Amino acid sequence: MDKKNTTLEEDFNSNEHPLVTESFEDYPFIAVSEAGRKYRTTFTKKFENRKPWVRPNPEEIKSYIPGTVDQIEVKKGQEVKLGDELMYYVAMKMRNVIRAPFDGKVADILVKEGDRLPKGQVMIIIKQKQVSEKELKRKELEMVKKEKELEKKAKAKQKRLFEQAAAARKKKK
């Protein structure tokens with residue numbers, strides 16, 4: 001390897017930048033100067049080849065686990081409200097409901113029923129409708145209330161089925 005770049009040597013010796021990233025001709029490394037001590041380390045191949053982080057777009061509805069699109073409940077251009085069912089997604093033998101995270105309009109549907117998707121695949125794009133903070137809180141509370149009602153109905157149905165099964169077992173005896 002050749003000698004260090006002179007700009008690196010100047011930056012490395014200055015106290016203005018305790019962390020300096022430079023490279024030998026094509027060999028990157030990090031130089032750190034902390035409390036008068038100098039450290040130098042190289043990047044690993046894994047670090048150099050990593051996928052750069054990108055801020056998530058809240059308008060993109062992505063698959064959170066590998067699975068299959070079971071049923072799509074919306075159409076392109078349709079207005080949706082916070083908590084509306086967008087689609088059903090089967091993952092790990094469970095049928096999951098994908099709901100709208102905010103009010104908006106379905107801009108694009110990038111999947112079709114029966115598609116197998118990996119984790120992180122964009123499924124639906126929703127253009128967000130601008131709402132006030134007060135309205136957003138009201139809608140969130142509304143959605144929580146709706147979820148609790150659905151949960152209560154599901155528990156009642158489960159209890160009714162359990163009681164029917166117990167009655168059927170009793171009859172057999």
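## The largest pocket

A pocket is an open set of grid points where a 1.4 Å probe fits, with protein on both sides within 12 Å along at least five of seven lines. In this predicted model, the largest pocket holds about 240 Å³ of space.

Its lining includes a run of neighbours: Lys51, Pro52, Trp53, Val54, Arg55, Pro56 and Asn57. Glu60, Lys62 and Gly120 also line the pocket. By type, the lining residues split into 4 nonpolar, 2 polar and 4 charged.

## Overall build

The protein has 3 helices and 11 strands. Read from the N terminus, the elements go α-β-β-β-α-β-β-β-β-β-β-β-β-α.

There are 173 residues in the protein, and 23% of them are buried. Now take the contacts between residues at least 6 apart in sequence. Of these, 47% join residues at least 24 apart.

Four strands make an open sheet, in the order 4-11-9-6. Their pairing is antiparallel. Strand 4 (60-62) and strand 6 (79-80) are at the edges; each has a single partner strand, so one side of each has no neighbour in the sheet.

Look at strand 6 and its partner. Strand 6 is joined to strand 9 (residues 104-109) by 2 bridges, and the two run antiparallel. Here valine 80 sits opposite glycine 104 of strand 9.

## Glutamate 59

Glutamate 59 is found in the loop between helix 2 (45-48) and strand 4. Is this residue buried or exposed? Its relative accessible area is 18%, and buried means under 20%, so glutamate 59 is buried.

The side chain of glutamate 59 makes a polar contact, at 3.5 Å, with the side chain of lysine 127.

## Valine 74

Valine 74 belongs to the loop between strand 5 (67-72) and strand 6. The relative accessibility of valine 74 is 5%, so it counts as buried.

Which residues does valine 74 touch, not counting those up to four places away in sequence? They are Val80, Glu85, Leu86, Val106, Ile109 and Ile124. Take Val106 from that list. Valine 74 and valine 106 are 32 residues apart along the chain, and their C-alpha atoms are separated by 7.8 Å.

Definitions and conventions:
Residues are numbered from 1 along each chain as its sequence is written. This is a predicted model: local features need pLDDT of at least 70, side-chain atom pairs count only at pLDDT 80 or more; totals for chains, interfaces and linings use all residues. Side-chain values use heavy atoms; hydrogens and water are left out. On a 1 Å grid over the protein atoms alone, a cavity is a set of points where a 1.4 Å probe fits but cannot get out, and a pocket is an open set with protein on both sides within 12 Å along at least five of seven lines; lining residues have an atom within 4 Å of a point. Grid points are joined across faces, edges and corners, and a volume is the space filled by probe spheres set on the points. Ala, Val, Leu, Ile, Met, Phe, Trp, Tyr, Cys and Pro count as nonpolar, Asp, Glu, Lys and Arg as charged, and the others, Gly among them, as polar. Two strands pair if DSSP finds at least two bridges between them. Buried means under 20% relative accessible area, exposed over 50%, partly exposed in between (1.4 Å probe, protein chains only). A polar contact is a pair of N or O atoms within 3.5 Å; within protein, one must be able to donate a hydrogen and the other to accept it, and residues adjacent in sequence count only if both atoms are side-chain atoms. Contact means heavy atoms within 4.5 Å.
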